[in-house]
Amino acid sequence: MNFDFIIVLIAAIIAVFLLWLGILQNLKKSFCRMCVEELVRAQQNKNENMTFFSSYILREVAHILAKQPKLTQRKIITDMGQGNYDDLMKILKNNRFLTLGFMAHFNTDILGAVRKPTLPILGKEAAYMQLLQGLMYLDKADYERLGEVVKNLNMSYLRGAAKAYGLLLGAEAALYAGDMYTASKDMYAAVRKFKKYNCAAEEAKTYFRLGEIYRVCAVYDVSHMMLDTAVKLFAAMNRNADKAKVLASMGMLTMGQNQIKESAAFLAESRKIFQKLGFIKSEAEIINQQALNYLIIGKAAVACRYAQKALDVHKKYGNIKGMAQSYDLMSMAAARQKKWPEAIKQAQRAQKYYRQTDNRAAYLESLFLEADICFQNGDIDKAENKCRRLVRLSGLKATNFHVANIYTLLGNIHLKKEELPKAEKWFIKALEQERQDKRYAGMATDYANLAITSQRMQNYAKAADYADKAVKAAEQSGDSKLCSVIGKRVAKIH
């Protein structure tokens, strides 16, 4: 009996010891992870150019660091605080994925080493290196190369949080291709996995992207909910730069709802955060958005001044994307002031820089802007030629540029020419596209255009039906200003 008691006692002592050992090891891992993530976050809060962040990679690095002797851990953590990563790189040297992934937090130009490895890689290692490559392309907004990576990525090798990254990359590629349904479905799957594996930064970023998707699709209430969730998560992590980016998106969301005061407040708060951080380039991007806000309320001259101020900063830092946006805004401002040659000149400057950044969707938008300026200026034939070129270009490669805009403009061109059957054809094509993507504001406009066209063709019953559908679609959009505009346009068609 005593012998049995001794055995039980020894077993209990061993169990307690193993439990204590496990708790101690988890504490070491948690401590290392906290140190690594905080040091990386601190570096990124000081440097505007550091945008890549991976909780998963930092966690894996921390786990390897936790296995080192205590003195080695302390030395590496101290060195990291001073920007010295040599000793850490020595213990990571046998894992190319973690070595390159960790250094990418500080310099995403590491992409060259990811793209051209010195040794062949196969199977699981190849999948993880492709994953890192995709994340680098995403960080640099190189969506065409990202699409190629997604095509070749073998998701079956990915586990845990890495699987969530794979889903996120697939969603971003789908978004670029204009497949909003797949993009949102995969992002929802990704955000659930990020939450499960405690990747809070990625969870917040995915909510941010979901908010962007719903904003573009004009599903404003869902977009606001997603963006608000992202703001709270980033605020809890003290990731102020990311919080400022989401606030800017909320500014664009409310701008799209014609809530100009709310939009101005969000943009002002975002700009204030960037100013405090000393992120001058990011602040300049907000100034561009403030310029757009002034355009909406009809203050074209003020908008032009803001866009010029942003342009000066973008030029100084060689931010080609920002320069293109500034020129676009200056083109819109000039068009509002009926300075047609100036508007066309600035639009063409924007196109030049959009080509350099390989931003195909923005390039097509700028071409559309130029075509619309020609139409407003009464140069109908030139506007039509540019629209037909746009139809060809938009069909060559998928982008999230909305082709319905071209169809609507072509319809208006033929309506102006009194070529009513042709106008009707293009308005119907636009409507089909708008219906497919559930863009109620666009549907309302196209139904109104069809109502006016049918009335001119003396098909009064059809005109009345289109007018009713225009009002209903405007109401579904939730935009009170649009409801008023559409109501006035179709008021005499009954």
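Helices here are DSSP runs of H or I, at least four residues, numbered from the N terminus. With that settled, I looked up Glu-370 and found it in helix H19 (residues 360-376).

I'm working on a predicted model, where local features need pLDDT of at least 70, side-chain atom pairs count only at pLDDT 80 or more, and totals for chains, interfaces and linings use all residues. Residues are numbered from 1 along each chain as its sequence is written, and side-chain values use heavy atoms, with hydrogens and water left out.

Is Glu-370 buried or exposed? I get 3% relative accessibility, so Glu-370 counts as buried (under 20% relative accessible area, with exposed over 50% and partly exposed in between, 1.4 Å probe, protein chains only). Its side chain makes a polar contact of 3.0 Å with that of Gln-351 (a pair of N or O atoms within 3.5 Å; within protein, one must be able to donate a hydrogen and the other to accept it, and residues adjacent in sequence count only if both atoms are side-chain atoms). Leaving out residues up to four places away in sequence, I also see Glu-370 touching Ile-344, Ala-347, Gln-348 and Lys-386, among others (contact means heavy atoms within 4.5 Å).

Next I checked Arg-388, which sits in helix H20 (residues 380-396). Arg-388 comes out partly exposed, because its relative accessibility is 33%. Beyond residues up to four places away in sequence, Arg-388 touches Leu-410, His-414 and Trp-426.

Terms used
Helix = DSSP H or I, 4+ residues; strand = E, 2+ residues; numbered from the N terminus.
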